[in-house]
Every structure is written in C-alpha cells, then in structure tokens.
Amino acid sequence: NHSEEPNLVTLDGGETFTTPEDGDELPRRVALEFLPRGGRLTVGYGSWERAIWLADRRCDLVAALLSPPAPYVAGDAIPDDVLIPRVWPGGQQGRVELNTLVFRTRKDLVKADLDGGTLLHRSEGVVRFALAPDATVTVRSGA
C-alpha cells in the first residue's frame, strides 16, 4: 500500500514506514556496533540511512547474520543449526525461540521505519539479512 507521500508505505497491519528511493530495495551499507546491553545497527540505502538500537539477543542475531562463520558470508541464508549456538551459546534454545527472536527483531526494524520483513527473511530452516549484492558490512565492538 503506497500513500500519497512519496516513499511512504503503510503495511497491512497499519504500520507506516518511509522507503528508500527507487532502485534501493536492499541496503548497500550495514554497520553494527556492539554497545553495553545491545548495539546500534545502521542501515544505508544510497543517500538514505537509518540507525536503530537493538537489545542484547536481537543484536546477537543480527551480528550472527552479518558475520557468519565460513563458508557463509553476510547476506547468505544461515541455517538454524549454525545460528542458534551463536545466539545462545551453550543454551538449549531451538527453532521456536529463534522464530520469536526473528519476529521481535523485525518489529524493531519496522518501528525504525525499515522493512523488517524484507530485511530479515525467514524461511524453512534458515534466516537471512537481505543485502544488495555489493553491500558493505561492518561489525565492530564499541568503545
């Protein structure tokens, strides 16, 4: 659903967010900086950029997607059995907890005017942080 204002979209659930310019459907720049109790995620599309705060576990999920273990690279669909131990080291969590975490992280993205459903893609047994083919990804620990 597109509104009269350019680059403003209303989802079926009533949430409204601003979209990047045409041709910038996926981010070209993503940076995650770890901070105490979470991190700052910056997502950039051309000249448009948005920064949001992610709480601990949500930050860990995005970090695992943006800097996955080899042979995976940022933007790949990462299997649940690779993600779960990176998000919950030594824990007994499974797909239900991962689904809940993906859902809550998407909601945070939508609240920050980002398309959470497109950025954080969940399909059978995998999760992917969608990126443009030439995207620059940075993950770093904070000061």
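Helix axes are taken here as lines fitted to C-alpha atoms over the stretch in contact, and the angles between them run from 0 to 180 degrees between N-to-C directions. With that in mind, and remembering that this is a predicted model, one can begin with two helices, H1 (residues 56-66) and H3 (residues 95-111), whose axes come within 10 Å and cross at roughly 95°. Since angles of 65 to 115 degrees count as roughly perpendicular, H1 and H3 are therefore roughly perpendicular to each other. On the side of H1 the contact is made by Arg 57, Arg 58, Leu 61 and Val 62, while H3 contributes Leu 98, Leu 101, Val 102, Arg 104, Thr 105 and Asp 108.

H1 lies across E6, E7 and E8 and runs at about 85° to E8, whereas H3 lies across E7 and E8, running at about 150° to E7.

The strands E6, E8 and E7 themselves form, in that order, an open sheet of three strands with antiparallel pairing. Its edge strands are E6 and E7, each of which pairs on one side only. Strand E6 (residues 78-79) is joined by two bridges to strand E8 (residues 126-129), the two running antiparallel, and within this pairing Pro 79 has Val 126 of E8 as its bridge partner. On the other pairing, strand E7 (residues 120-123) and E8 are linked in the antiparallel sense over four bridges, and here the bridge partner of His 121 is Arg 128 in E8. The hairpin of E7 and E8 has two residues between the strands, and in it Gly 125 takes a positive phi near 80°.

A further open sheet is built from four strands in the order E5-E4-E3-E9, with mixed pairing. Strand E5 (48-55) and strand E9 (136-141) form its edges, each pairing on one side only, and neighbouring strands of this sheet are turned by 10° against each other on average, when direction is ignored. Strand E4 (residues 38-45) runs antiparallel to E5 and is joined to E5 by eight bridges; Leu 41 stands opposite Ile 52 in E5. As a guide to reading such strands, side chains in a regular strand alternate between the two faces of the sheet.

Key. Residues are numbered from 1 along each chain as its sequence is written. This is a predicted model: local features need pLDDT of at least 70, side-chain atom pairs count only at pLDDT 80 or more; totals for chains, interfaces and linings use all residues. Side-chain values use heavy atoms; hydrogens and water are left out. Angles under 35 degrees count as roughly parallel, over 145 as roughly antiparallel, 65 to 115 as roughly perpendicular and the rest as oblique. Contact means heavy atoms within 4.5 Å. Two strands pair if DSSP finds at least two bridges between them.
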